[in-house]
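This report describes selected features of one protein model. The sequence and structure are shown first, and the description follows.

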Amino acid sequence: MEIDERKMKILKAVIQNYLETGEPVGSRTISKYTDLKLSPATIRNEMADLEEMGYIIQPHTSAGRIPSDKGYRLYVDEMLRDKSEALDKRESELNRKEDLLIEKVDKVEVLLQNVAKKLATNTNYATLVAAQNKKGRAIKFIQVSQLEKGKILAVTVLEGNVIKNTIVETGTAIDSEAALKINLLLNNEIDGRAIEDVNLDVISKLMKSAGDYGMLVRDILDAIAAAARSDEDLQIYTSGATNIFKYPELSDNARASELIYALEEKKALSGLVEDIENSTDGIKVYIGEETPIEGMKDCSVVTATYNLKDGARGTIGIIGPKRMDYEKVVETINSIKAQLGDAYGDDEGGKT
């Protein structure tokens with residue numbers, strides 16, 4: 001049995017009503033909701049067909065119907081297709097004018113936190129924003145200073161204004177004059193190089209130039225290299241976890257705890273980010289069991305990727321109930337992507 005235009009309109013009416021109310025939808029409600037001008041009896045027959053086809057389900061006897069994951073999937077696919085066909089330059093520019101403007105900042109981590117908070121406030125769902133730093137990121141600046149006896153702090157600024165703070169354990173004490181000499185030496189030789197390009201020849205040259213501080217310079221460079229290659233290169237920020245308590249289907253103790261844990265578990269989120277970044281389909285929607293994170297199987301997750309200048313590539317994700325307002329969420333993500341492209345994008349405007 002194929003879903004014809006009338007059944008599709010009824011399915012959309014069921015979904016849209018359920019998105020608004022969170023309550024099972026009956027045939028009498030649909031008879032007032034659509035422009036079909038059909039009797040409740042006729043609508044009941046069509047809804048029975050939709051249930052048999054797996055697009056809607058009856059949560060309990062004598063209740064109305066709610067959408068199934070299959071129903072949501074059909075609805076979302078059609079909505080995305082319609083939006084893709086309708087999206088033109090004028091609409092794209094209007095998206096930029098929505099009240100989501102993000103304050104321009106110098107540090108990527110502050111930007112990600114701000115975007116996550118803006119999305120959570122605007123959508124009333126939980127959000128994640130992640131950025132994967134580019135491999136081979138160049139060193140822009142190094143600042144070495146005595147932290148305390150036996151410990152030296154090395155602050156490294158990488159391309160994209162990513163900052164790495166590293167503590168170097170050492171038996172060598174340095175005064176302000178020695179620190180200045182080491183800073184000048186490191187910055188003159190390393191500025192603009194990728195950490196991978198600081199090879200043994202470069203290190204040997206620096207150690208020789210540093211004289212009595214040669215071994216200290218080597219230790220500093222080793223520590224900087226380790227920090228630059230660490231797992232912290234994948235930055236993930238979340239916001240709006242408490243928004244889930246606004247939706248009864250997610251707010252019971254077990255579901256809420258599982259979802260909050262999933263939002264705090266970086267390893268699980270990294271798997272989701274990797275899955276998203278391997279996709280080239282633009283906006284991607286996971287519904288229920290499609291979601292790769294176990295704690296989010298009762299949710300829908302809408303995602304997209306974006307590019308920033310200096311090679312940073314990232315992921316935006318919005319997590320909410322399966323009855324989330326998909327249209328608003330997609331528009332919000334497109335707006336944020338447009339604003340990121342305008343403010344921080346590469347030469348192609350941050351397009352993905």
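## Helix 10

In helix 10, the residues Ala 256, Leu 259, Ala 262 and Leu 263 are buried, where buried means under 20% relative accessible area, exposed over 50% and partly exposed in between, with a 1.4 Å probe and protein chains only. Seen down the helix axis, the buried residues of helix 10 fall within an arc of 130°, so they line one face of the helix; the arc is that of the directions from the helix axis to the C-beta atoms. The face turned away from this buried side carries the exposed residues Asn 253, Ala 254, Tyr 261 and Glu 264.

## Basis of the model

This is a predicted model, in which local features need pLDDT of at least 70 and side-chain atom pairs count only at pLDDT 80 or more, while totals for chains, interfaces and linings use all residues. Residues are numbered from 1 along each chain as its sequence is written, and side-chain values use heavy atoms, with hydrogens and water left out.

## Overall composition

The protein has 12 helices and 10 strands; helices (H or I, at least four residues) and strands (E, at least two) are DSSP runs, numbered from the N terminus. Of its 352 residues, 48% count as buried. Among contacts (heavy atoms within 4.5 Å) with a separation of 6 or more, 61% join residues 24 or more positions apart.

Thr 156 lies in strand 5, residues 151-158, and counts as buried because its relative accessibility is 2%. Leaving aside residues up to four places away in sequence, Thr 156 touches Ile 139, Phe 141, Ile 142, Val 162, Ile 163, Lys 164 and Ile 224. Thr 156 and Thr 166 are 10 residues apart in sequence, and their C-alpha atoms are 8.0 Å apart.

Ser 239 is found in strand 7, residues 234-239. Its relative accessibility is 19%, so Ser 239 counts as buried. With residues up to four places away in sequence again left out, Ser 239 touches Ala 116, Lys 117, Ala 120, Tyr 125, Ala 126 and Thr 127.
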